[in-house]
Amino acid sequence: MTHPVRLFRLAPIVLGLVLATASPAVLAAWDIQQLMDSLAQHRSSQASFVEKKTIAMLERPVESSGQLFYTAPDHLEKRTLKPQPESMVIDGGDLLIERGRQKHRLQLQAYPELAAFIDSIRGTLAGDRQALERNYQLSLEGTAERWTLQLLPRDDKMLAVVQRIRITGARDQVRSIEITQADGDSSLMSIEKLVAP
């Protein structure tokens with residue numbers, strides 16, 4: 001029978017052999033830059049979504065569903081189909097919201113907190129780490145197969161609105177976006193990529 005002390009002394013040698021023969025891909029840790037590079041490969045995408053908003057004043061979550069469209073680097077469209085048709089189109093620095101016959105056009109530069117929030121989604125979809133790090137502290141958990149990217153606002157004004165944003169995914173696909181507001185309200189958007197016909 002091998003003595004435990006001998007096994008303990010052999011452990012570093014065995015570990016060294018494993019490390020020497022393992023491929024670089026196996027050894028490389030999954031990190032934020034690898035995630036960003038993977039996400040940046042998509043120049044456009046289309047997905048369906050279901051969003052549940054939990055609001056303190058309401059007994060039940062408010063649920064909506066529809067479609068999302070993204071074209072790199074900065075065009076994002078959210079078409080809500082249920083419960084009421086609504087369209088939100090973000091193109092560069094412009095935001096257009098349509099509800100029925102009402103149309104509202106905003107310049108994002110006039111609303112820095114809103115712009116920072118929108119950039120959290122666009123920056124993630126574009127794989128633009130620099131854009132994300134302007135407004136957020138980033139942390140990544142998990143593996144390439146199943147990851148969670150957490151964004152914590154750097155700015156106190158933004159932090160007074162949004163406590164954190166958690167984005168989950170698998171490989172190069174975003175699967176959910178969870179937003180926790182400073183007032184305790186929250187939303188969870190589940191995303192399913194649509195395959196082009």
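**Exercise 1: A glutamate in a strand**

Glutamate 51 lies in strand S1 (residues 44-54); helices (H or I, at least four residues) and strands (E, at least two) are DSSP runs, numbered from the N terminus. The structure is a predicted model, in which local features need pLDDT of at least 70, side-chain atom pairs count only at pLDDT 80 or more, and totals for chains, interfaces and linings use all residues. Residues are numbered from 1 along each chain as its sequence is written, and side-chain values use heavy atoms, with hydrogens and water left out.

Task. Determine whether glutamate 51 is buried or exposed, and state which side chain makes a polar contact with its side chain.

Solution. 
- Step 1. The relative accessible area of glutamate 51 is 6%, so the residue is buried. Buried means under 20% relative accessible area, exposed over 50%, and partly exposed in between (1.4 Å probe, protein chains only).
- Step 2. Its side chain makes a polar contact with the side chain of lysine 78, at 2.8 Å. A polar contact is a pair of N or O atoms within 3.5 Å; within protein, one must be able to donate a hydrogen and the other to accept it, and residues adjacent in sequence count only if both atoms are side-chain atoms.
- Step 3. Apart from residues up to four places away in sequence, glutamate 51 touches Val62, Glu63, Ser64, Lys78, Ser187, Leu188 and Met189, where contact means heavy atoms within 4.5 Å.

**Exercise 2: The chain and its confidence**

Task. State how many helices and strands the chain has, and which element has the lowest mean pLDDT.

Solution. 
- Step 1. The chain has 6 helices and 11 strands. Of its 197 residues, 32% are buried.
- Step 2. The average pLDDT of the chain is 84, and 84% of the residues score at least 70; pLDDT is the predictor's confidence in each residue, from 0 to 100.
- Step 3. Among the elements, helix H1 (residues 4-21) has the lowest mean pLDDT, 38, while strand S8 (residues 146-153) has the highest, 96. The pLDDT is below 50 over residues 1-27, a stretch with 3 contacts in the model beyond near neighbours in sequence.
- Step 4. Where pLDDT is low, the predicted coordinates should not be read in detail.

**Exercise 3: Helix H4**

Task. Describe the span of helix H4 and locate its kink.

Solution. 
- Step 1. Helix H4 (residues 112-126) has 15 residues and reaches 20 Å from its first C-alpha to its last, close to the 21 Å expected at 1.5 Å a residue. The expected span is 1.5 Å times one less than the number of residues.
- Step 2. A kink of about 25 degrees in H4 is centred on aspartate 119; the bend at a residue is the angle between axes fitted to the seven residues ending there and the seven starting there.
- Step 3. The buried residues of H4 include Ala115, Ala116, Ile118 and Ile121.
- Step 4. Glycine 127 follows H4 and has a positive phi, near 65 degrees.

**Exercise 4: Backbone exceptions**

Task. State which peptide bond at proline 73 is cis, and where arginine 171 is found.

Solution. 
- Step 1. Most residues other than glycine have a negative phi, and most peptide bonds are trans.
- Step 2. The peptide bond from alanine 72 to proline 73 is cis, with omega near 0 degrees. Proline 73 is in the loop between strand S2 (62-71) and strand S3 (75-82).
- Step 3. Another cis peptide bond joins lysine 82 and proline 83, with omega about 5 degrees.
- Step 4. Arginine 171, in the loop between strand S9 (162-170) and strand S10 (173-181), has a positive phi of about 55 degrees although it is not a glycine.
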